[in-house]
Amino acid sequence: MTEPSTKPNLTPQFCFSTVALRDFLRLSRAAIDDSITQNLNALLTPAQSGFDPTSTSVRIPRAPSRQIDPRSCQEFKDKVLFPSWQARSDVLSYCAYVATSPDPDDPEIPLREVETEKNRERVVDERLDPYSARYFPREPRTETLAMLLRQERSVESIIRSRTWGLVRERCGDSFQDPESALNRWREGRERRGT
């Protein structure tokens with residue numbers, strides 16, 4: 001069975017390193033969600049009667065997909081799928097907290113202050129160049145992180161929806177949306193105290 005994604009050591013530096021943040025999300029999604037069909041197929045038990053060579057003599061259209069043993073499905077969801085989703089949710093939530101907190105360690109603060117001061121001293125003649133009055137200060141890294149997180153949350157929502165659709169189809173799960181299923185798993189885990 002595939003291993004669930006492990007949550008990285010969460011620090012503000014991890015969040016501000018957009019390469020590390022995106023790599024974690026990309027690798028976690030690739031291991032679980034992008035290969036969900038293969039992961040679900042791995043849960044199917046082989047044929048009980050063995051291979052029958054006569055089965056290849058006539059081409060028979062396959063059924064859309066076989067149902068997977070409910071216990072195997074539940075174990076996959078509890079031990080791989082939901083823990084991976086939870087790890088990504090924890091990272092996104094922590095980084096969202098970092099993005100909304102003040103950032104006194106931002107290395108570009110002095111640079112932005114210099115740019116702002118230069119803009120104040122600039123003489124602009126809008127008759128000669130109507131666009132010269134525009135001033136686009138550098139965004140603080142917290143705003144850049146917040147924008148990245150909005151994008152990644154949208155991607156996460158799409159990926160979970162696609163993954164959950166396949167899980168529901170193959171496992172016959174009754175929950176309509178992935179967030180309800182994840183919340184139910186969280187509640188069950190809290191009741192068990194893990």
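**Close-up 1. The exposed face of helix H2 in the predicted model.** Val19 and Leu27 are exposed and sit on the face of H2 turned away from its buried side. Helix H2 covers residues 18–31. Its 14 residues reach 20 Å from the first C-alpha to the last, close to the 20 Å expected at 1.5 Å a residue.

**Close-up 2. The buried face of H2.** Leu21, Phe24, Leu25, Ser28 and Arg29 are the buried residues of this helix. Viewed down the axis of H2, the buried residues fall within an arc of 120°, so they line one face of the helix. They pack against helix H1 (12–16), helix H4 (70–100) and H6.

**Close-up 3. The contact of H2 with H6.** The axes of H2 and H6 come within 12 Å and cross at roughly 5°. The two helices are therefore roughly parallel to each other. From H2, the contact uses Thr18, Leu21, Arg22, Leu25 and Arg29. H6 contributes Leu145, Leu148, Leu149, Gln151, Glu152, Val155, Glu156 and Ile159. By class, this contact has 7 nonpolar, 2 polar and 4 charged residues. Leu21, Leu25 and Arg29 of H2 are buried.

**Close-up 4. The crossing of H6 and H7.** Helix H6 (residues 141–171) and helix H7 (residues 178–192) have axes that come within 9 Å and cross at roughly 80°. On the H6 side, Arg160, Ser161 and Trp164 take part; they meet Pro178, Glu179, Ala181 and Leu182 of H7. The contact of H6 with H7 has 4 nonpolar, 1 polar and 2 charged residues.

Key
Residues are numbered from 1 along each chain as its sequence is written. This is a predicted model: local features need pLDDT of at least 70, side-chain atom pairs count only at pLDDT 80 or more; totals for chains, interfaces and linings use all residues. Side-chain values use heavy atoms; hydrogens and water are left out. Axes are lines fitted to C-alpha atoms, for helices over the stretch in contact, and angles run from 0 to 180 degrees between N-to-C directions. Helices (H or I, at least four residues) and strands (E, at least two) are DSSP runs, numbered from the N terminus. Contact means heavy atoms within 4.5 Å. Ala, Val, Leu, Ile, Met, Phe, Trp, Tyr, Cys and Pro count as nonpolar, Asp, Glu, Lys and Arg as charged, and the others, Gly among them, as polar. Angles under 35 degrees count as roughly parallel, over 145 as roughly antiparallel, 65 to 115 as roughly perpendicular and the rest as oblique. The expected span of a helix is 1.5 Å times one less than its number of residues. Buried means under 20% relative accessible area, exposed over 50%, partly exposed in between (1.4 Å probe, protein chains only). The arc is that of the directions from the helix axis to the C-beta atoms.
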